[in-house]
Amino acid sequence: MKKNVNRALATVMAAALTVSLIGMPADADAAKKMKLSKKSVTVTKGKSVKVTIKNVKAKKVKKLVVTSSKKSIATVKKSGKAAFKVTGKKKGSAKVTAKVTVKGKKKATKLTLKVKVNDAKQPDVPKNSQTPATQVPVTQAPATQAPATQPPVQTGEPATQEPETSNPATQEPGTQVPSTQEPATQPPVQTADPGTSEVKVDLDLEDDTINAESQTVAEVTVSAGEVTSVDWSVKETAVASIQKNADDMKKATITGVAAGETKVIALVKGSVDGKAFEITKEADLKVVNKGEVIVKAEIESAPAEMAIGETAGISVAVTADKVAVEAGNIESVTWKVEGTAATVETDGLEAVITAKEIGEVTISVKVGVKSGEQIVYDTDTITISVIPTTYVIGKEIELEADTWNAVFLTDLAKQIKVKKTDRVEVVFSVQGSGDVKMALSPWKDIEGKSVQNLQEQAVLRAEETADGKAVFVVNEMFFRGNYSEINSIAASCTGAATVKIEKISVTPTDEVAFSVQAPAGVEIGTPAEILAEVDEGYTLEWSTSDAEVATVTGDNTKAVVTGIKKGTVTITVVVKAADGTEAAKKELELDVTEAFSGTDIKLDLATATRAAEGGTGDWEEIKDASGKLTAIKVNDESEGVSIPLPNKLAAGKKISVTIKGSFSAGATGFRVYTSPKGITGGSTNNNLGLLGDAVTEGDFTLDSLELEAGQECPTLCLRIPAWGSNIKGLTIKEISVKYL
């Protein structure tokens, strides 16, 4: 392997020597290579910047393909065959890739551009000229990269030594801005007028690592206004000198003096809309010994943001004097990860990142390449932000005042799955006015029910919203497990409006997810099962308040309750962490009764009441000669009739209902369902009953109607046939139920 490295580097040196022997500058070939007019750009949200492809004529370009690594942050569009425009979408970082295919060549040239998007409301004025933390060049200043602690193999050459303090005697006359002017130590001067806060200044180096006595070009770009002057300087004059370009004040030529690291500084002065601004920008520069091989390591395909649960592959491209070094010729590769937001699995020059939690993770890779008896190192660093899982929706819900409507999400590319303890938010916009409510449900369609049912039985609800954002709370009655799918969004508004659902974000929390599904009661002689669900790493402990009424035996997430005698008992389940501490607790109150399942039980009509307070209309009790109630006659009722069940019906349990009665002329029919309290729907099939063609004058028997409770329900309800219509002409003679 060492022979291959030496051979590759010898070839590079020989090529450079050949060029110099025929009287051409050493960088002539490099100047002919295609490159972008900028290596990185900063663009304001909502604005665009144009980037051109240098050293190629548009008429020679056969094909240009441009892509953005993060379209939600920056988009890119071709502008002819040798240029493109980058448009900022939201604050963050992205990478634009341009693939250029020249006529007569099959292989495309790949060019990359780093893009930073700033919020338009925030000025790009660095404090004390600090470099943004998310842009860490491979030649970072010693404060963050500390090359002294990671030295390459020494050969007696001073290239790997720390630079000494600046020595003015090493300056080239006439090329250096006076050393008394040190903008790097002064805060940028910025006028207080808000107009200048929109100005963005970026500083780029054509090469950020050069040899002593070689040169590179620095250039500043300004997003708005006119530049009146640029004061150029370098912080360590013993390392490099700088000369302003005579034809373009926004450019400067930097010449390497001696091995070391320094900062290139540009103090940009100008005006926008007649208002002055001064902004200081810095860039890091590394100078190595004359003739020393320059090794560059660059992490490719790294995203600026990742959602929790996402994975991304990255790789490292390594060059020696701008010539690619094959993976087999790399002497060493060392990865380092700072932060817990993501995990990284590495394999040589490649790595896979998995986002784990909200926050930032910094990943660096140090690559060593053998050069003679010396190992030359370079390090590249990236910072990735881990954000909530975000689902782009883009669906509109048309609403009339005080009504519910819904849209379904089964066409999304990725299924939305939430944990009970997640923080779930919806970002939306409204055309119209009024207060908006929302509900998120696993329902994939209506299936004969109504949107009203959907929102009542939604797993997540937002009763109040503000500033285009809805933050949801768990609807405990219907979010029964630790996880639920979200397949539909329901909304209502106090006024007529169009609500557009922009996106849903899901953020994990540190809370313990814990769910219990229990029966409403226990029959003596019939053991009842309680099922629980808890996060991994936790255990459950079960106990009973009265072993003479009911006993409980628990096997972590499953418990069996056995009724001993009639009464009420409290079953307690405690969640224990690995260290034995209590993390959560739930108490379940159960009625212990004689066996009742499977037998017909006639309900007492004397216990019937109006289904809700405020109900109006005409209904009466019919009694026989002895005063015994024999029927209830509902002539005209605006709400309905509610009657208690003999035993509570647990969520997910079913009953069979038989109703006998008669209709008079003009009767409207009714719906029947189980209910947690009066009229609130608790059944998952609460549109069943006698409606439409089923309503005929005379006696009727509604036989064995099967109802499933959507939540714990103690009552049965005969409800109005439809919204806005009353129950009319109904006589109820008998109601019986059977628990299935």
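The model is predicted. Strands β2, β8, β7 and β4 make up an open sheet in that order, with mixed pairing, and Thr-97 is found in strand β7. Elsewhere, Leu-688 lies in a loop between β51 and β52, and the second largest pocket holds about 1,200 Å³ of space.

- Strands β7 (residues 92-102) and β8 (residues 109-118) run antiparallel and are joined by nine bridges.
- Ala-94 has Val-115, a residue of β8, as its bridge partner.

**Thr-97 in strand β7**

- Thr-97, which is found in strand β7, has a relative accessibility of 15% and therefore counts as buried, the cut-off for that class being under 20%.
- When neighbours within four places in sequence are left aside, the contacts of Thr-97 are Val-65, Val-66 and Thr-67, together with Lys-110, Leu-111 and Thr-112.

**Leu-688 in a loop**

- The loop that holds Leu-688 runs between β51 (670-675) and β52 (689-690).
- With a relative accessibility of 33%, Leu-688 counts as partly exposed, because this value falls between the limits of 20% for buried and 50% for exposed.
- Although Leu-688 and Phe-670 are 18 residues apart along the chain, their C-alpha atoms are separated by 8.6 Å.
- Not counting residues up to four places away in sequence, Leu-688 touches Arg-671 and Val-672, and also Leu-705, Glu-706 and Leu-707.

**The second largest pocket**

- The space in the second largest pocket comes to about 1,200 Å³.
- Its lining consists of 42 residues, and those nearest the centre of the pocket are Ala-518, Pro-519, Ala-520, Ala-650 and Ala-651.
- Two or more lining residues come from each of the elements β37 (514-517), β38 (521-523), β39 (528-534), β44 (582-593) and β49 (640-649).
- Strand β44 gives the most to the lining of this pocket, with seven residues.
- By residue class, the lining of the second largest pocket divides into 21 nonpolar, nine polar and 12 charged residues.

Key. Residues are numbered from 1 along each chain as its sequence is written. This is a predicted model: local features need pLDDT of at least 70, side-chain atom pairs count only at pLDDT 80 or more; totals for chains, interfaces and linings use all residues. Side-chain values use heavy atoms; hydrogens and water are left out. Two strands pair if DSSP finds at least two bridges between them. Helices (H or I, at least four residues) and strands (E, at least two) are DSSP runs, numbered from the N terminus. Buried means under 20% relative accessible area, exposed over 50%, partly exposed in between (1.4 Å probe, protein chains only). Contact means heavy atoms within 4.5 Å. On a 1 Å grid over the protein atoms alone, a cavity is a set of points where a 1.4 Å probe fits but cannot get out, and a pocket is an open set with protein on both sides within 12 Å along at least five of seven lines; lining residues have an atom within 4 Å of a point. Grid points are joined across faces, edges and corners, and a volume is the space filled by probe spheres set on the points. Ala, Val, Leu, Ile, Met, Phe, Trp, Tyr, Cys and Pro count as nonpolar, Asp, Glu, Lys and Arg as charged, and the others, Gly among them, as polar.
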